[in-house]
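I opened the notebook to record what I looked up in this entry, going from the chains down to single residues. The notes follow the order in which I worked.

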Amino acid sequence: MISISKLLCGQGAEGDGLRYDDPDADIDQIREEKQKRPVVVWNTTRRCNLYCEHCYAGADLDPAQGELSTAEAKGLIDDLAAYDVPVLLFSGGEPLVREDLVELVDYATDAGIRAVLSTNGTLITEEKARALRDAGLSYAGVSVDGLEERNDRFRGKDGAFDAAVRGIENCLSVGLKTGLRYTITEHNAADMEDVVDLLYDVGVDRFCFYHLDYGGRGGDIADADLDDEAQRRAVRRLFDMTREYHAEGEEIETLLVGNYADSAYVVEYARDELDAEHAERIHRYLRVNGGDPTGERVADVDYRGDVHLTQFWQGYSLGNVRDRPFGDIWDDESNPLLAKLREREEHLTGKCASCQYQDVCRGSSRLRSLAATGELFGPDPQCYLTPEERGAGADASPGAAD
Amino acid sequence: MDDDDPRRRPRIDGSRQWEVFSRDASAEPMRHVGSVSAPAEDLATEQARTLFGDGDADLWLAPADEFLRLGGNDLAAKGDAADGETAGAARGAENGVSVE
Ligand code: SF4
């Protein structure tokens, strides 16, 4: 997660400039010290009341066999607390179809874990929002993927957009911090700005943009991913828009997730649009943030207890929390895949191997490389950096080092 | 809801889960290295090879639903034991995680 608003607009009057220790941060917010334990995404259920094209969990309406019971979920939370997991992201499917959601949020926060929610928003009544707030929920991220028409088509349900906005309003009305989750694809890139404008008026001030990863149903629509030029344009527009808002005194928070070539690009952007010193300061902070978090700073536990390297990589599981406590699975580097991912710099090939931004990107998504080329340590197909930006030399033709 | 309703389609790609075991040398025991999900055996094999098959590693795959598992981590017992206790806050304090 790269906090664009902090990197580009967070420089205060104080000499130390950027601050990343925001107590309101959710998933792997940029910190000055490397985070030691992973943020855990928990797919509480596979059930969902919507059917979105890009859903990595492949959710549907039927109850799935093997979903963790309430007692098991509490046992899992105990294990996570014992392992010092800092944040638990209740996700799905749609977590609000679980009737024990409030109880489990309450249990997690009692155990000292920060609870955050990822939801389609359509089931959040004011009463539910209040109950979640009272249970200690810190933040709700509501998915909207375009203006009304596009969003509803994407989500497989008419009225989903209005219902999501109502859910957001219900959260905000009870004082629950709420933000947007927006997965950028070819279909909805054009709506991005209008959605921000519209939701800012509703009262949302945190906007989180996800690049498409190629897991679950997202894998089927890899073709709908933006091409290099369009990625670049969308990310640049987000940089510009963030600065425009801040210039008007509107302190919106914007974040990018899922493509760590963005880390490189924000440094390049700062060098062009701000100054070299600011760019270097951003670079320094991003080095500490550590690039793609797969298998290190983020983990996923699915509805039946399988542990995954990220929430998008559902096709491979390290093990199951019904067999071993989460911490034992996560610490077991006798698993050669886990061990290699944690020292991926030594294994990256192609353009990532020699990229000057490898320290802030770390080759970005291994899952996309795997899905697109069948190679675990090949280049991320979503990287839009030019050879010059990668430091491949002025005479390198585009793609020559790929 | 009729049969054509997209929500009725098989989940993900109708995948089956395969437990994967590997070893680098014949003197070593086979080691469980996780599981892959794939709609068919050949795809599961290909995935396992991509993730673990470099070098001369031996790989064994077996359908996860054919395993009989005894023992393990009894989450329900842990959850039930904690229920009704006031252990929550104490745990939070113990592990040093601050609650905002
Ligand atoms: S070339 Fe690889 S390491 Fe460099 S920015 Fe692109 S994805 Fe990241």
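Predicted model: local features only at pLDDT ≥ 70, side-chain atom pairs only at ≥ 80, totals over all residues.

**Entry 1: the cis peptide.** I looked up the bond that joins A:Gly92 and A:Gly93, and found a cis peptide bond with an omega of about 10°. On the chain, A:Gly93 sits in the loop that runs between strand S3 (87–91) and helix H3 (101–110) of chain A. For context I wrote down that most peptide bonds are trans.

I then turned to A:Arg362, which is not a glycine either and has a positive phi of about 65°. Its loop lies between helix H15 (358–361) and helix H16 (366–373) of chain A. Is A:Arg362 buried or exposed? Its relative accessibility is 7%, and because buried means under 20%, A:Arg362 counts as buried. As background to both residues, most residues other than glycine have a negative phi.

**Entry 2: H9 against H10.** I next examined helix H9 (residues 228–247) and helix H10 (residues 261–273) of chain A, whose axes come within 11 Å and cross at roughly 55°. That angle makes H9(A) oblique to H10(A), and the crossing is right-handed. From H9(A), the residues in contact are A:Arg232, A:Val235, A:Arg236, A:Phe239, A:Asp240 and A:Arg243, and they meet A:Asp262, A:Tyr265, A:Val266, A:Tyr269 and A:Glu273 of H10(A). Sorted by class, this contact has 5 nonpolar, no polar and 6 charged residues.

**Entry 3: H6 against H7.** At what angle do helix H6 (residues 160–173) and helix H7 (residues 192–202) of chain A pack? I noted an angle of about 40°, with the axes 10 Å apart, and a right-handed crossing of H6(A) and H7(A). On the H6(A) side I listed A:Phe161, A:Val165, A:Ile168, A:Glu169 and A:Leu172, which meet A:Leu198, A:Leu199 and A:Val202 in H7(A). The contact of H6(A) with H7(A) has 7 nonpolar, no polar and 1 charged residues.

**Entry 4: the ligand.** Which residues surround the ligand? I found A:Ala261, A:Lys351, A:Cys352, A:Cys355, A:Cys361, A:Gly363, A:Cys383, A:Leu385 and A:Arg390 around it. By class, that shell has 6 nonpolar, 1 polar and 2 charged residues.

Entry 5: For chain A I recorded 17 helices and 12 strands, with buried residues making up 63% of its 402 residues. Among its contacts between residues at least 6 apart in sequence, 71% join residues at least 24 apart.

For chain B I recorded 3 helices and 3 strands, and from the N terminus on its elements run β-β-α-β-α-α. Of its 100 residues, 33% count as buried, and among the contacts in chain B between residues at least 6 apart in sequence, 43% join residues at least 24 apart.

Terms used:
Residues numbered from 1 in each chain as written. Chains lettered and ligands numbered in written order. Heavy atoms only, no water. Axes fitted to C-alpha atoms, helices over the stretch in contact; angles between N-to-C directions. Helix = DSSP H or I, 4+ residues; strand = E, 2+ residues; numbered from the N terminus. Parallel < 35°, antiparallel > 145°, perpendicular 65-115°, else oblique. Left-handed = near helix turned anticlockwise from the far one by under 90°. Contact = heavy atoms within 4.5 Å. Nonpolar A, V, L, I, M, F, W, Y, C, P; charged D, E, K, R; others polar. Near = heavy atom within 4 Å. Buried < 20%, exposed > 50% of the residue type's maximum accessible area, 1.4 Å probe, protein only.
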